[in-house]
Each structure stands twice: as structure tokens, then as C-alpha cells.
Amino acid sequence: MSRNRADSWIPVSFRTALDLPQLWGRLAYLSPSDAELVSHFHLPEGAELALDFELGGALFPAVRARIAEAAHDREGYHNYRLVILDREQSSLLRAAIAKALPR
Amino acid sequence: MFNTVQIICASEKERAVLRGIFSALGADAVFSIDLNDALALLEKTRPAAVFVADGEEPPAEITLRELRRVAPFLPVIPLLKRRDASRAVELMKAGALDCAQGPWTQEELRPLYRKALSLGGTLIELDSLGLRRKRRSLALALAVAVGLAGFAGGLYYGFRRFSPRALAPHSFYLPYFHPTGIVAKADTVLISDWFSQGLYEHNMKTFGIRRVTSLPDITPVAMAASRDSLWIVRSDGVIERRLLDRAYTKASQTRPFRPVPDSACFDGLYFWTADSRSGTIAKHMPGDKLEVLKEFKYPGKKLSAIACDTRFLWAADAGLKAVVKLSLDDPETIVSATPVEEYGSPSLRVTAMDSKDGRLWFTAEDGDKALAFFRNEPK
């Protein structure tokens with residue numbers, strides 16, 4: 001029986017606006033250019049987020065992303081396809097992902 | 001029943017609120033006032049998920065780890081008292097499936113309750129297949145790569161298996177003579193020595209010394225490590241927590257413990273110390289203060305040192321001339337005792353132990369020499 005992957009997806013906190021409190025979810029998928037966020041908080045398509053998460057021991061604060069697509073499952077959770085907006089942050093992610101991959 | 005959930009909440013007022021919410025959600029809710037109560041009921045109730053009120057004793061991280069220890073696939077969801085994203089992320093890293101924000105309402109808990117019920121130890125199934133179209137071609141490329149890797153792996157395995165191999169040594173004499181603590185890491189072994197007041201980092205295969213860190217202000221008498229900390233027991237009974245940086249920078253320290261422990265280990269959840277003179281093993285709450293939770297009497301003949309991992313507590317017993325396996329839940333009962341070959345030397349005195357990846361590491365003084373050796377852990 002394989003271990004439940006849900007609790008090993010990357011925990012992430014994010015903000016939709018500076019004056020609003022942070023929310024949270026998990027990244028089910030991450031690449032230098034896009035990501036998939038799973039969260040029970042509802043967000044509109046097209047919204048921009050600032051993500052904070054840890055990868056390979058390194059902190060990634062305020063990674064800017066936009067919700068390109070949103071889907072909802074039957075339990076009431078939301079799956080958001082995110083596009084990473086900042087090229088520099090994207091390069092840093094590429095390096096961190098490459099480093100975090102098993103050799 | 002498939003919709004049974006267990007809720008750990010000490011506050012009667014909050015339990016009343018949660019009772020109403022879970023009843024409206026159609027859940028069969030079983031309430032516990034604390035972790036011990038919950039663990040006692042877990043086997044009988046067999047809940048589909050556990051909800052834990054945050055901000056109570058013991059901390060939610062401890063509750064999470066204890067629950068996952070007995071039921072690794074059970075979804076656990078902390079109920080935060082307010083919207084606190086950093087706390088939620090911290091708890092998710094500790095193993096929570098997700099966190100509910102306060103104030104607790106039916107709307108807030110509904111998706112978490114439904115998601116927890118639908119999991120039951122399986123992978124989360126996402127309905128949104130449309131999000132995965134791009135990954136199909138990547139999956140095909142990966143399948144080809146895996147096939148090639150499998151062929152190469154088989155070739156390599158066959159070569160390794162059927163080629164003659166030189167036996168690697170499992171015992172090494174040390175260039176210092178009073179080792180007191182040992183921590184085995186991925187490819188290095190760290191040993192403390194009380195006389196030279198130093199930490200020696202050895203290459204695990206050759207035992208050549210890679211680095212020496214001097215600790216001129218303290219006399220280390222025992223040592224233990226976790227993923228991000230090193231604990232050193234000083235000769236005055238104080239336990240220092242140090243970072244795993246180059247200088248092993250001190251982060252905090254406890255009050256002095258009496259009697260002074262001469263062995264220590266961390267099982268992933270709790271910190272353990274032992275005093276070989278009185279034969280006492282103590283279980284400590286994790287954290288900077290390491291408060292003693294409970295003390296146990298070592299059940300063997302003569303305790304020399306302890307080590308632990310997530311499954312067992314190990315003890316070197318000079319009286320039995322063996323390594324003794326003890327249960328973490330009941331360290332006063334011996335599970336097994338396996339003779340240690342090195343005890344054939346009458347002057348051998350084991351001074352420290354560590355458990356790592358199925359191997360037990362020891363340091364010992366043997367007359368005027370000191371050595372480190374390892375054994376595969378007994379089955």
C-alpha cells in the first residue's frame with residue numbers, strides 16, 4: 001500500500017493582496033515555469049498570488065504567480081494551475097529543483 | 001463506520017461547537033479530551049480522520065507525530081483557533097493533511113471533512129484531468145528513460161553481485177582515547193571526546209578524520225542528533241542544543257540534570273537520556289528545556305550506553321555482553337538480547353551508541369585504546 005502522497009506535497013502559504021491575510025495549501029506539482037496548487041480556499045481565475053514555500057532546504061519567499069486555470073473537486077477542494085511570472089524567480093526555482101532531485 | 005471522525009479537544013465549550021458542526025456535516029463524531037484519551041479510543045473507533053484543536057497540551061506537533069506513529073495513513077487535521085498561515089504550514093510539514101482556520105464553521109470544515117474521508121490511506125485523486133494534458137508526453141519520455149535505466153541497473157547489479165569483493169572493515173581504532181558520543185550521518189561519523197574536548201568528523205568508510213572542532217569551554221559526556229540539531233550533554237549535566245553548521249553554534253541549553261546523563265539519543269519524536277550508574281533511562285519532551293516526561297528502570301544487567309531510532313531503543317549491556325533491544329513504549333521490557341563479539345575483550349567498555357539505517361554504531365575504550373565499530377542491527 002503506497003503512502004498517501006498528499007501529505008508530502010510541498011506546504012505553501014500565499015497572499016492575494018498585501019492587505020489580506022495569508023492563506024495556505026500544498027503544491028502538487030512544481031516546475032520553473034508553472035505549478036499546481038491544491039487548497040480548500042477559493043480563489044478566482046486570473047488572480048495573482050505571492051507564494052512562500054521551502055524547497056530543498058531553501059526558502060522561496062513571494063514567488064509571483066497567476067492562476068491560469070481553476071478546477072474544483074467533489075470534496076470542495078480547489079486545484080489551481082499557476083504560471084510563474086518572474087523570470088529571475090523561475091531561474092532560481094530551476095536551480096533548486098535540479099539540486100533537490102535524487103542523484 | 002466510514003464517516004466516523006475523532007476530535008481531540010480539551011475545552012468543553014469548543015467541543016459543544018464542534019459537536020454541532022460535525023453533526024450537521026453528517027459525521028459520527030467521537031470526542032477525546034486529550035491525546036492519551038484519543039489513543040486509547042483509536043483502536044475501538046477506527047476513525048476515518050482525526051481533528052485536533054490547536055493551542056492545547058501537548059502541542060499539536062506531538063499529537064500529530066504520536067497519531068502517525070500508530071496510524072501512519074490516518075488523515076490528521078489541526079483546528080487552528082484563528083487564520084494563521086505560518087502555523088498551518090508548520091503543521092503540514094509536521095504531517096497534518098491540512099489545517100482548518102478559526103472561527104470553526106460548517107462551511108470551513110466541510111471540504112476538509114470530505115477530503116479526509118475520501119483519502120483513507122490512498123493517493124488523492126484529482127478530478128481535473130484537463131490540468132494534466134501537458135504531462136502525458138513527459139510521462140512517455142520518462143517511461144523510455146526508466147526502461148533504459150532498468151536495463152543499465154540490471155547490468156550493474158549483476159556485475160556487483162557476481163564480482164568478488166574485498167571485505168570492508170567494521171572496526172576502527174581511534175587516534176584519541178576517551179570517546180563519549182557518536183552520531184552516524186549519511187557518509188560521516190561524528191564522535192565526541194571528553195579528554196580532548198573535541199568533535200571528530202570521520203569518513204564513514206575509511207574512518208579518516210575530515211574535520212576536528214574544538215569545544216574548549218565544555219566537556220562533552222554524551223551526544224545525540226536530529227535532522228537539524230546536535231545535542232551535547234556536558235559534564236555539569238546541562239544539555240546544549242547546537243546547530244549543524246560548521247562551527248556547531250550553540251542555540252540553547254537546559255538546566256543541569258541530576259544525575260548527569262552519560263548517554264543520549266533522539267527517536268524522531270522524544271529525547272532520551274540514560275545514566276549508566278543508576279541504570280535509569282529518562283524520556284524527555286522535545287524542545288529547548290527537554291523536560292523529563294517519565295523515568296524507567298533499565299531491565300538488563302549493566303547499562304553502558306543507549307541509542308534509539310523511530311522503532312526501538314537499543315542498549316549496550318556490559319553484564320549480558322550483548323546489545324539489548326527495548327520497546328519505545330515500554331523500555332522496561334527486553335525484546336531481545338544479542339551477543340556483541342567485541343565484548344570478548346575483558347577490558348572493553350562501550351561508551352556510546354547510535355542507530356542509523358539498520359546499523360548500530362559503538363564507541364568503546366579497550367584498555368589504553370579507543371575504538372569505533374558497527375554491527376548490523378539484530379532482527
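## Nonpolar cores

In this predicted model, the largest nonpolar core holds 58 residues. Six of its members touch the most others: B:Ile182, B:Trp272, B:Ile306, B:Trp314, B:Ala315 and B:Met353.

Another core, of 56 residues, lies apart from the largest one. Its members include A:Leu51, B:Ile7, B:Ala88 and B:Val89.

## An open antiparallel sheet

Chain B has an open sheet of 4 strands, ordered β10-β11-β12-β13. The pairing is antiparallel. From one strand to the next, the twist averages 25°.

Strands pair through backbone hydrogen bonds. Here, β12 (residues 239–243) and β13 of chain B pair over 3 bridges, in the antiparallel sense. B:Arg242 has B:Lys250, in β13(B), as its bridge partner.

## Confidence

The model scores ipTM 0.90 and pTM 0.49. Chain B averages a pLDDT of 88. In that chain, 92% of the residues score at least 70.

One stretch of chain B needs care. Over residues 122–128 of chain B, pLDDT stays under 50. The model has 14 contacts beyond four places in sequence for these residues. Where pLDDT is low, predicted coordinates should not be read in detail.

Notes: Residues numbered from 1 in each chain as written. Chains lettered and ligands numbered in written order. Predicted model: local features only at pLDDT ≥ 70, side-chain atom pairs only at ≥ 80, totals over all residues. Pairing = 2+ DSSP bridges. Helix = DSSP H or I, 4+ residues; strand = E, 2+ residues; numbered from the N terminus. Axes fitted to C-alpha atoms, helices over the stretch in contact; angles between N-to-C directions. pLDDT = per-residue confidence, 0-100. Contact = placed C-beta atoms within 7 Å. Core = buried A, V, L, I, M, F, W, Y, C linked by C-beta atoms within 7 Å. Buried ≥ 20, exposed ≤ 12 C-beta atoms within 10 Å, placed from the backbone.
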